[in-house]
Structure formats: structure tokens, C-alpha cells
Amino acid sequence: MATPGVRGPSILARMRGHLAGVRGRLAGIFDYLIGRNTLIGIATLMLLSISCYATWSGLHDFIIGISSTSEHHLPGVAINSDAFVIGIVVALTFLMWLCLRETFGAQRRLRERLITFPLYLFLALWSIGFGYGFWWSLIAGNEATRMSLSGLQEDARDAGSAIAARLQAVRAQLDNVVSWSDSQMARENASGGTCGVPSGAGRGPLYNARLGVRDSIASLRDGITKSWLGPVQTDLDQLSKSIDLSETGTFEERQARFEARAADIRANAISIAARSNELGVATAGDMRALAAAVSIQPNQPGFSCYDPTLAQRLRQAAEQAAEKAEPQLRPANFSEGPAGVANAVRTLWTNVGAYTKSVARYVASGGKEDLHRTASGEPITGRDVIALLATIGVDLGILAMALLNPPATAPIRRDALAANDALLNMPSAAVVEHLTRAIQTAIARAGEDADFEWVRRHFIHHDGASYFVIPNLYHAGSDKKEELAALAMNQLAGVFADLKLVRALKPSEYKWLGKEEQRNSYSNLAPFRQQWNKEHPDRLAPEDKAQTRARGDKIKPLRNHGVLSKAQRALEIAGWSPQAQQDAEIYRLVDTGSLTPLLMVLNDAKANGTERLSEGARANGSTPNGVRAPASIRST
């Protein structure tokens, strides 16, 4: 009901307020959907998708490139290996992202970070290694193919040019030999005496010998020109022609054309070297034969004209002609498709250090190509570095997104005692009830001073095992009350044995426990304190020095107290007489985890207020709820 004289808001104002509220809610929804965290999540998802696809593509092409067939099936599994590779890449990429989040998440332990961060680094290297193949095939594949074939052609051309230069040098030496022969032949014609023996001028036998040697050397020179230099130059002209590889057809057809062209270039280079070596050996043999002929001294068989200078020059020309040519040709790799990716990934993994230095220098120089070379001598080009930067950039983007938006909540920690609790043999409800009734009946028969706390004093623990200690019924005291208590505990031990909770110790175990009682105590502090006082007398307080002088060497070793000593002490604590303490029966709990359930039964009984029994229960041997005790511990 409106207040008289006061006008309420108009309909238009109420509509404006309603629209403002709607706009606020829509803005909140929009910010929730397109907020910072959502945008970072979308960016992370896109980067993970790119990394996953690049890694899969590189790994897929690598597998195909190094194998002989394109279809692969897992042995014994009816799925294609491509699907298996996709599953592996997706799983490992997800694991990489998960390790990254756990490394930078809030409230993670140092031990967890030391586990997840190295695993992330390993998976990131794996992703970069195979992702590089994908980016390399997009950026540098075609260029690398042309450069590889051009490099092979350049090596072949250089090898042929080196062979031609060697042939020109041999020909030059033969020209010098021919000139020397011509000069000596003219001298023999003019004055004689050029063949190591006195002779007159004119064209006699020695002149004719000189003429024959000159003609043979000239024939060798002309043979080199016709048989060597001409064909080699023709082959060099063929190798100098530019390479034109058609880019039409499938990867397999282009690879076949590439391999055929590379094989033709390699064959031409090897053929040039082989012909050169063959003709060089033959020509060297002829020159050595001429050198041997002009090396025969006068008055020796076979003498025609003795000229040691000519022989030396002929031998030098023969040695140069006989040198074998071995062309050094780099391998030519088809770098397109799976084969190229396989070569690129293999080269990256075998030259990680060189690629890392190239990336660092490329970035430091602002994009200038400061190139390195791989172990095999191949250059690392700018395209190679760009492809590597592309795959590293994707993984760096994933790292940046994880740093910007790490998990803000702590992981759910499981209970530290859950594993130990699972190892405990917790008794069932029926067993607990049976144990409770048995203990209550034993308490009822033991006397009015007995309770659950008194029963608990008969359990001890030593060296990883638990024991139930009772006095030997035969050596119980003459007191009627103690006799009944000893009988009740004996019957309780029988119930525990029937339930397979305890077992009596064997004589051999008693002997071993007796030997344990005979050795010195390792935990006695007195010998260690005495030894320290002797070694550091200047660091003792005055009162300690007085005590040390008064005590002298009276400190004696302390005997070890094992199970037997502890059993006697437990009976003493439980209030048994000295006679009963001297002869204890010791039962070992069968399971090392059985003490905890037994103590839990005793604790639960005390918490429930049943540690004391009524007089009526003590009189008839029943439990407080009226249930009769088991027959094994009822009096007969």
C-alpha cells in the first residue's frame, strides 16, 4: 500500500533498473566465459593441439621415412600403427602438460617438483625433436632438396676440375721433356757427345736414338690431349649444366627423378676418375719404360743413348700421371615428404649441440644467417634454424601459459597412515565380540583387582615382534587368589592360541633369547660417557671431574635385557609374586600387526566402561550382558 503523498518509482525507472541488473548478470557471465582464465585455457588448448599435431606428423613421417613399407600393423593386434602412434602422441603430450602444471602448481612438495620437472624436460625435448620434422618439411624441404643435389653436382664438378688440372700439369711436364729432347737432339746433330759417349756431328745412330725418344714422348703428350683432356672437358661441360627437377607428380615420382639424377651425377664423376686412373697408369708405364731406356749406360746391353736428366724428368712425369683420383662426393638426400623428415630429424638428434649454437647465434644476430655445420659437414641454414625456432616457440608458449595460470589449489593428500592401516589385520565384529567375552571372563576369574588395564600389562614388544606373557601355572604363588589369576590367564592364552593369534615359543627360540641375555648392552650410555671423559678431560665441569675421580674405573658393562628380562619385568608390573616371575610362559603373536587390534579391543572395552565386572558376573563367570563365557575358560 503506497504511502499518501509519496510517489513510487515510475515504470520507466523500474525498467531501467531491471535492464541494469540484466546487463550486470550478462557481464558476469561474459567475464566468466571469456575471462582471463578461460582465454589462457583456450590458448593452452590451441598450443597443445598444434604441438600434438606437429609431433604426430613428424613422428609419422619419420617412421615411414626409415622403413621400406608405408602400411604397418602391430604384431598380434588388429589396429593400424598410425592409430597407435596417434594414441602415444596424445598421451605423452597430455603427460607433458600435466607435469608442467604439477611443477608450478601451488603447495606442491619439492620432491614432487623434482620428479615432474625433469620428466617435463624430457617430454618437451621429445616433442621438439619430432615436431621439428613437421616444421622443417613446411619451411625448408624443397630448398634442402635443391641444395643437396646442387652440392653433389658441385662436388662432382670440383673433382673433374681437379683431374683436368692434374692432366694439364702432366702435359706441361711432357712439353718440357719434349723441349729438352729437341734441344739435345739439335746439339747431337751440331756437335755430338750428348749420349754419354764421344761422337761426331751429324745424324748418326745416336741422333736417331734421340729422335725416337722425342717422337715417343710427343706421342704420349698428344695421347693425353686426345684421350684425356678432351673427354674430361666434355664431361665437365655436362656437369656444369643447371639442374632442372620438375615439381609435378607425387612424392614417390619426384623422389625417383631426384635419385636418378643424383645417381647420374655420381656415375659421371666416378667415371671421370676411373678413366683418368686407368689412362694415368698406362701412360706412366710408358714413360717409365722410356726413362729406363735412356738410363742404360754405355757399354751395357740395350744401350741406345744415355741421358740421366731426361730419365729423371720422365720419372717425375710418370709419378704425377700415376696418382689416383678419388672424388669426394657428399650424399644427396631427397628432403621432401617422409624421407626428408626422417633425414631432418636424424640430423637434428645427431647434431643437437650445433643446432643449439646456431639458434643462439641466429637470435643474437637479429636474424642474420651465422651458419654452423653438422658433424658430416652439411651447413645449418637459416631455414633449418627457423623451423627449430617454430617448434621451440610452441612449447615455450605452453610453458608461458602454465606460468601465467598455474593450479591455485593444493592437491588432495591421502592419509599417511592409510597404507599402514590397510596392512593391519583388523578382526571382524564377531571375533571382537568373542575376544571381549574371553577377556572379560578371564578378568572375572582373576579376582576383583583385575581389569582390562591389568590384562594389557601382559603384552610386550621387542625387536619388531610382540609377545603375550603369563606366569607358568605350576610356579604360581601359594596364595589362592594368585593361583586363580594364573589359571585364568592360562586359559586366556589358550583362547588366543585357538584363534591363531599367538603361538608358544619353541625351545630353540628360548635358547636364542637366552644367548641374547648374555651379551653386553649396546644402548648403555656409561661406557660412551667414560670414553668421552678420557678423550676430553679439559672440557669437564668441576663437579663432573670430582665424580670421575671418586668413581674411578668402577663402571662395569651392563648386561643386555631382552625378551626374557622384559617378560619378568612385565609380570612384576602386573603384580605377580617373585615366585611367579621366575618362570614365565611367552607366546609370540603370529602376525606382526596383531598387537594393535588386541590393544584396540582392550581400549574399546575401557572406553565403553566394561573394564570392571559386576559381582554377579564374577560369581557365575558370565559377561555383563548375561552371555556365558566360552567353554574353554569356564570352570569345570
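# Exercises on a predicted model

Lysine 500 sits in the loop between helix 15 (480–498) and strand 3 (502–504). Keep in mind that this is a predicted model. Let's start with that lysine.

**Exercise 1.** Which loop holds aspartate 463, and what is its phi?

*Solution.* Find the neighbours, then check the angle.
- Aspartate 463 lies in the loop between strand 1 (459–462) and strand 2 (465–471).
- Its phi is near 50°, a positive value in a residue other than glycine.
- With a relative accessible area of 65%, aspartate 463 is exposed.

**Exercise 2.** How far does helix 8 reach from its first C-alpha to its last, and what span is expected?

*Solution.* Count, then compare.
- Helix 8 covers residues 308–322, which makes 15 residues.
- The expected span is 1.5 Å times one less than the number of residues, and for helix 8 that comes to 21 Å.
- The helix reaches 21 Å, close to that expectation.
- As for its buried residues, they include Leu310, Leu314, Ala318 and Gln320.

**Exercise 3.** Which residues have the most contacts inside the largest nonpolar core?

- In soluble globular proteins, nonpolar side chains tend to be buried together.
- The largest nonpolar core here has 40 residues, and the ones with the most contacts inside it are Trp454, Phe468, Leu492, Phe496 and Trp576.
- Elements giving two or more residues to this core include helix 13 (429–446), helix 19 (563–573) and strand 4 (584–589).
- Helix 15 supplies the largest share, 8 residues.
- Another core lies apart from this one; it has 19 residues, among them Val170, Ala284, Leu314 and Ala318.

**Exercise 4.** How many aromatic pairs does the structure hold, and why is the pair of phenylalanine 94 and tryptophan 97 tilted?

*Solution.* Look at distance and angle.
- The structure holds 11 aromatic pairs.
- For phenylalanine 94 and tryptophan 97, the ring centres are 5.9 Å apart and the planes are at 45°, so this pair is tilted.
- These two are 3 residues apart in helix 3 (residues 81–104), so about one helical turn separates them.
- Phenylalanine 94 is partly exposed at 48% relative accessibility, and tryptophan 97 is partly exposed at 23%.
- Now try phenylalanine 468 and phenylalanine 496: their centres are 5.3 Å apart with 70° between the planes, an edge-to-face pair.
- That pair links distant parts of the chain, 28 residues apart, with phenylalanine 468 in strand 2 and phenylalanine 496 in helix 15.
- Both of these phenylalanines are buried.
- Ring pairs also link Tyr53, Trp56, Phe134 and Trp135 into a cluster.

**Exercise 5.** Which residues make a nonpolar surface patch of about 280 Å²?

- The patch is made by Leu39, Ile42 and Met46.
- Isoleucine 42 belongs to helix 2 (residues 36–66).
- Its relative accessible area is 41%, so isoleucine 42 is partly exposed.

Note on methods:
Residues numbered from 1 in each chain as written. Predicted model: local features only at pLDDT ≥ 70, side-chain atom pairs only at ≥ 80, totals over all residues. Heavy atoms only, no water. Helix = DSSP H or I, 4+ residues; strand = E, 2+ residues; numbered from the N terminus. Buried < 20%, exposed > 50% of the residue type's maximum accessible area, 1.4 Å probe, protein only. Patch = residues over 30% accessible without salt bridge, like charges linked within 9 Å, V, L, I, M, F, W, Y side chains within 5 Å. Areas by Shrake-Rupley, 256 points an atom, 1.4 Å probe, with all protein chains shown as cover. Salt bridge = Lys/Arg side-chain N within 4 Å of Asp/Glu carboxyl O. Core = buried A, V, L, I, M, F, W, Y, C linked by side-chain atoms within 4.5 Å. Phe/Tyr/Trp six-rings, centres within 6.5 Å; stacked < 30°, edge-to-face > 60°.
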